[in-house]
Amino acid sequence: MSREAWIVLLVIAGIVLLATLVGVVVLAVRVVRTHRLLTSLGASGKLALYGALLYTIFPIDLLPDPIYLDDMGILAGTLFYLSRLVQKHRAAARQLPGQPYAPPGTGHDRRPVP
């Protein structure tokens, strides 16, 4: 392979590495911002949050550290789980006392049409 091909290959690898690193940082910031909502959600949300952050900064991963795809997957999954937990908590807080819990999206949160 020529020298120019190696340079192009290294530049492309650097761009991919930089893009995945930026993705990890963005996901980590979103997870930390979601932490503000976790004050009343219980231990499972906090365990998911701290577990994901520890996995992200811990040097031993499923894939080597220059490849951040596993970190991005863990952070994205945690963000999805935490957002679902927050939605359930908000739906439970909106219902009136004494009513059975109805999961969001079942149509029980709408008023009937007269």
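The structure is a predicted model, in which local features need pLDDT of at least 70, side-chain atom pairs count only at pLDDT 80 or more, and totals for chains, interfaces and linings use all residues. Residues are numbered from 1 along each chain as its sequence is written, and side-chain values use heavy atoms, with hydrogens and water left out.

The protein contains three helices and zero strands. Helices (H or I, at least four residues) and strands (E, at least two) are DSSP runs, numbered from the N terminus. Along the sequence, the pattern reads α-α-α. The protein has 114 residues, of which 22% are buried. Buried means under 20% relative accessible area, exposed means over 50%, and partly exposed lies in between (1.4 Å probe, protein chains only). Of the contacts with a separation of 6 or more, 55% involve residues 24 or more positions apart. Contact means heavy atoms within 4.5 Å.

Helix 1 has 32 residues. From its first C-alpha to its last, helix 1 reaches 47 Å, close to the expected 46 Å. The expected span is 1.5 Å times one less than the number of residues. The buried residues of helix 1 are Thr 20, Gly 23, Val 24, Leu 27, Ala 28, Val 31 and Thr 34. These buried residues pack against helix 2 and helix 3. An α-helix has 3.6 residues a turn, so residues three or four places apart point the same way. Val 26 also lies in helix 1. Val 26 is partly exposed, with a relative accessible area of 40%. Val 26 and Met 72 are 46 residues apart in sequence, yet their C-alpha atoms are 9.4 Å apart in space.

Helix 3 has 26 residues and reaches 37 Å from first C-alpha to last, close to the 38 Å expected. Its buried residues are Asp 70, Asp 71, Leu 75, Thr 78, Leu 79, Leu 82, Leu 85, Val 86 and Ala 91. They pack against helix 1 and helix 2.

Two packed helices are described by the angle between their axes and the distance between the axes. Axes are lines fitted to C-alpha atoms, for helices over the stretch in contact, and angles run from 0 to 180 degrees between N-to-C directions. Helix 1 (residues 3-34) packs with helix 3 (residues 69-94) at about 25 degrees, with the axes 9 Å apart. Helix 1 is therefore roughly parallel to helix 3. Angles under 35 degrees count as roughly parallel, over 145 as roughly antiparallel, 65 to 115 as roughly perpendicular and the rest as oblique. The crossing of helix 1 and helix 3 is left-handed. A crossing is left-handed if the near helix is turned anticlockwise from the far one by less than a right angle, and right-handed if clockwise. Helix 1 contributes residues including Arg 30 and Val 31 to this contact, and helix 3 contributes residues including Met 72 and Ala 76. The contact residues comprise 10 nonpolar, three polar and two charged. Ala, Val, Leu, Ile, Met, Phe, Trp, Tyr, Cys and Pro count as nonpolar, Asp, Glu, Lys and Arg as charged, and the others, Gly among them, as polar.

The axes of helix 2 and helix 3 come within 9 Å and cross at roughly 165 degrees. Helix 2 is therefore roughly antiparallel to helix 3. This crossing is left-handed. Among the contact residues are Ala 48, Leu 49 and Tyr 55 of helix 2, and Ile 74, Tyr 81 and Leu 85 of helix 3. The contact residues divide into 10 nonpolar, four polar and two charged.

Tyr 55 lies in helix 2. Beyond its neighbours within four places in sequence, Tyr 55 is in contact with Asp 61, Leu 62, Asp 70, Asp 71 and Ile 74. Tyr 55 and Asp 70 are 15 residues apart along the chain, with 9.5 Å between their C-alpha atoms.
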